[in-house]
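Dear colleague,

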Amino acid sequence: MKRTPHLLAIQSHVVFGHAGNSAAVFPMQRVGVNVWPLNTVQFSNHTQYGQWTGDVLAPHQIPELVEGIAAIGELGNCDAVLSGYLGSAAQGRAILTGVARIKSMNPKALYLCDPVMGHPEKGCSVPAEVSDFLLEEAAAVADFMCPNQLELDSFSGRRPQSLFDCLAMARALLARGPKAVLVKHLAYPGKPADVFEMLLVTGEGSWHLRRPMLAFPRQPVGVGDLTSGLFLARVLLGDSLVAAFEFAASAVHEVLLETQACASYELELVRAQDRIAHPRVRFEAMAISL
Ligand SMILES: Nc1ncnc2c1ncn2[C@@H]1O[C@H](COP(=O)(O)OP(=O)(O)O)[C@@H](O)[C@H]1O
Ligand SMILES: Cc1ncc(COP(=O)(O)O)c(C=O)c1O
Ligand SMILES: [Mg+2]
């Protein structure tokens, strides 16, 4: 029987609703991965509500929790680490210490870094030390980076002029070390308004994916976290990078359709669970080159 993969997911938790681990853990479990959630913050709700209560985890707790898993002899079973929203650069460094420890026990373990900075529409939302850390330190260690356009712009220090420019920017990030860069959400002059576009860039080639743009009165939150989580989960389950990219795009689209149909602000993950596991639509990624 095929072994069920194990994934350590280090990102935020919200008590109400869905963002960070609260958006990604259940879908990753639903597609067949054992998830170890390590919550970097516990907030009442996601920050786009403009108010919340709760606390940030002290950075030293991250390696302590990882050591606790090592102490019971389970750390070598970790197949991948996913990191998302960081409260500080110190928290980011603590995650890299954990990643190094896991890779020392399981050299095949993968690290996906979602360099969470914000939304293209909402502007940058993290301190400069965090964006510097992501570019200078995390990119060198990560196997996969999954920026959105704003995050890619921040890495490149400029905005793209075209789709091919987005591709060039993603390739520049790839050159910093990762095996693949997944751009979760493209924005560039001339992009058709009715399509939502994504890119996957690897050492083997580049792929562009288009799916319908859906209208929401308020943009749902947690979509990026869901995308990164499902991509990594499918890679661990044996998909090729392109197949995992297509799967993640399709499953996320299913969640957004359900969310739109319910007129809900929060992602309808429970209602969409069967469609997450078996998306009815399948978007095909098309190879592109510069
Ligand atoms: N098909 C779609 N139609 C409309 N909006 C979408 C669609 N897919 C994703 N979005 C929105 O686009 C953004 C997702 O882009 P991205 O930058 O990857 O996410 P995040 O900021 O969640 O990390 C979110 O605001 C999400 O609600
Ligand atoms: C607590 C928390 N975690 C994570 C996120 C990131 O969510 P998204 O996937 O939309 O980037 C947010 C966004 O507001 C948040 O408030
Ligand atoms: Mg995001």
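The description begins with a pair of helices. Helix α2 (residues 61-71) packs against helix α3 (residues 89-105) at an angle of about 20°, and their axes are 8 Å apart. Since angles under 35 degrees count as roughly parallel, α2 and α3 are therefore roughly parallel to each other. The crossing in which α2 passes α3 is right-handed. On the α2 side, the residues that meet α3 are Ile62, Pro63 and Val66, and their partners in α3 are Gln91, Ala94, Ile95, Thr97, Gly98 and Arg101. Sorted by class, this contact of α2 with α3 has five nonpolar, three polar and one charged residues. Please bear in mind throughout that the model is predicted.

Two further helix pairs deserve mention. Helix α5 (residues 149-156) and helix α6 (residues 163-174) have their axes 10 Å apart and pack at an angle of about 65°. They are therefore roughly perpendicular to each other, and α5 passes α6 in a left-handed crossing. Leu152, Phe155 and Ser156 are the residues of α5 that meet Met169, Ala170, Ala172 and Leu173 of α6. This contact comprises six nonpolar residues, one polar residue and no charged residue.

The remaining pair is formed by α7 (223-236) and helix α8 (residues 241-261). The axes of α7 and α8 come within 8 Å and cross at roughly 140°. Their relation is therefore described as oblique, and the crossing of α7 and α8 is right-handed. From α7, the contact draws on Val223, Leu226, Thr227, Leu230, Phe231, Arg234 and Val235. From α8, the contact draws on Leu241, Ala243, Ala244, Phe245, Phe247, Ala248, Ala251, Val252 and Val255. The contact of α7 with α8 has 14 nonpolar, one polar and one charged residues.

Which residues come nearest to ligand 1? Ligand 1 is surrounded by 15 residues, and the closest are Asn148, Lys184, His185, Gln219 and Gly224. The most come from α7, which gives three residues. By class, the shell around ligand 1 divides into seven nonpolar, six polar and two charged residues.

Around ligand 2 there are 15 residues, and those that come nearest are Ser12, Gly20, His46, Thr47 and Gly224. The elements that give two or more residues to the shell of ligand 2 are β1 (6-14) and α7. Here too α7 gives the most, with three residues. The shell around ligand 2 holds seven nonpolar, seven polar and one charged residues.

Finally, I turn to the annotations in the UniProt record. An unreviewed entry in UniProt lists Ser12, Thr47, Gln48 and Asp225 under "binding site". These residues are spread over 214 residues of sequence, yet they cluster in space, with a largest C-alpha distance of 14.5 Å. Ser12 has its place in strand β1, and both Ser12 and Thr47 are among the residues that come nearest to ligand 2.

The unreviewed UniProt entry also gives "binding site" for Asp114, Glu151, Lys184, Arg211, Pro212, Met213 and Leu214. Do these residues gather at one spot, or do they lie apart, and what distance separates the farthest two C-alpha atoms? They span 101 residues in sequence, and the farthest two C-alpha atoms are 23.2 Å apart, so they do not all gather at one spot. Within this group, Glu151 is found in helix α5, and Lys184 is among the residues closest to ligand 1.

With kind regards

How values were computed
Residues numbered from 1 in each chain as written. Chains lettered and ligands numbered in written order. Predicted model: local features only at pLDDT ≥ 70, side-chain atom pairs only at ≥ 80, totals over all residues. Near = placed C-beta within 6 Å. Helix = DSSP H or I, 4+ residues; strand = E, 2+ residues; numbered from the N terminus. Nonpolar A, V, L, I, M, F, W, Y, C, P; charged D, E, K, R; others polar. Axes fitted to C-alpha atoms, helices over the stretch in contact; angles between N-to-C directions. Parallel < 35°, antiparallel > 145°, perpendicular 65-115°, else oblique. Left-handed = near helix turned anticlockwise from the far one by under 90°. Contact = placed C-beta atoms within 7 Å. UniProt positions renumbered as here; feature names shortened; annotations may be inferred.
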